[in-house]
Amino acid sequence: MKNQLKFNDGKFTIMSLGDLHENRTLDNQNKINRRRDMHNFVKTGILAFKPDLIVLLGDTLMFKDESEDFSEYKSALRDVLKPVIDSGIPFCYVLGNHEHDAGQEDLVVSAYKEIETCIGENDPTCPRGNFNCNLLVKNSEGTEDIFNLWFIDSNNVCDNQEISVYDWVHQDQIKWYEEKALEIKLSHSGKTLPAILFQHTPVIEEYQLLREAKPHEIPFCAVEGHHKFKDKKYMLKDGVDGYLGEGPCSPCYNGGQFESWKRTGDVVAAFFGHDHTNDFTGYVDGIMLGQNKTSGFCCYTDGCRSAIRITTVYENDPRNVKSKVYHFKELGLQSTCLGPIEKRITDKQSIAMHKIGYAAAGITAATALTAGAAALIRKFKKK
Ligand SMILES: [Fe+2]
Ligand SMILES: [Fe+2]
């Protein structure tokens, strides 16, 4: 089997990358610098943590439309993923809403499939989505499967924006997951293999990691909820690690995916992309939910704070997954693509500037007009 995954010396390490939103063409110096910074970050992360698997959490590189030359898309994808491919470490991915936008999902999936180190094959028996699969992980001896990984397609935006901005994992996909999980269980002597699930759009249960902000917290620390939650301001509950930069943009309709994980009992942790500034980690009903903020420099961020997530599973206790987020600066790196202010401000300062404006953040109007500051005033687009 191509690149059979296995534990090494009792542990299995995964490096996951949030939305890169990379450009297909590098037609100016700024795009070149953004690509170079991202490559430097990914390469340094690989050298530092020596992952057994790398996972891309979607919105990596979009297909423009049907008129785009497929060979150009393929070569652009290879260049975006150069440090991942050159490492020789197997990688897998999920599709983000932007990979669905052009309706060229089959071409996107085939572009990934042609890359030698890309593992995972779409299961055609799943009735919805273009890339749903699972990968089994063997023990250190390579004698038996002891862990499982799910890669689920969370689809695109919702047809009815009144119900939800973003689509959800539907009942037919959930049925596929439950049947596949049962099949895995039956073929492993009735034993449920613990699993990690990767998906682009987060489940709505992420809101259970948040609490409503108190009035005095709202101006500085709280974030507005998304869509149907927009009338409330939120903060992370005590005990939830990491950073909340925006209201989770999960679907507003709950299709029952999280409940199906609880019924099935295999998913011990789930990791998501899509929300470019969130990197929190917490537990809902015993299942770890973790956000990956962007790992690149091409979409909105909160300063020089792109991050990677390192997740470790231990062979002697595979249900007790450990996961930690590492920011660009923490790896001793310096950006070449960000402006002078973006390079220096902290997450909190950046978010404060987004929310209450430059004057309140203590920045003079003259400074705010510099290129670096102007870059911070990006409109939050569809992510
Ligand atoms: Fe997205
Ligand atoms: Fe995105």
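1. D59 bridges two iron ions, ligand 2 and ligand 1, which lie 3.3 Å apart. Helices (H or I, at least four residues) and strands (E, at least two) are DSSP runs, numbered from the N terminus.

2. This is a predicted model: local features need pLDDT of at least 70, side-chain atom pairs pLDDT 80 or more, while totals for chains, interfaces and linings use all residues. Residues are numbered from 1 along each chain, chains are lettered from A and ligands numbered from 1 in written order, and side-chain values use heavy atoms, without hydrogens and water.

3. Donors are N, O and S atoms within 2.8 Å of the metal (3.2 Å for Na, K and Ca); water is not among the atoms, so sites may look incomplete.

4. H21 has 11%; D59 has 0%.

5. An open, mixed sheet of seven strands runs β1-β5-β6-β7-β11-β13-β12. β1 (5-6) and β12 (281-284) are the edges, each with a single partner strand, so one side of each has no neighbour in the sheet. Strands pair if DSSP finds at least two bridges between them. β1 and β5 (residues 133-138) pair in the parallel sense over two bridges. L5 has V137 in β5 as its bridge partner.

Terms used:
Buried < 20%, exposed > 50% of the residue type's maximum accessible area, 1.4 Å probe, protein only.
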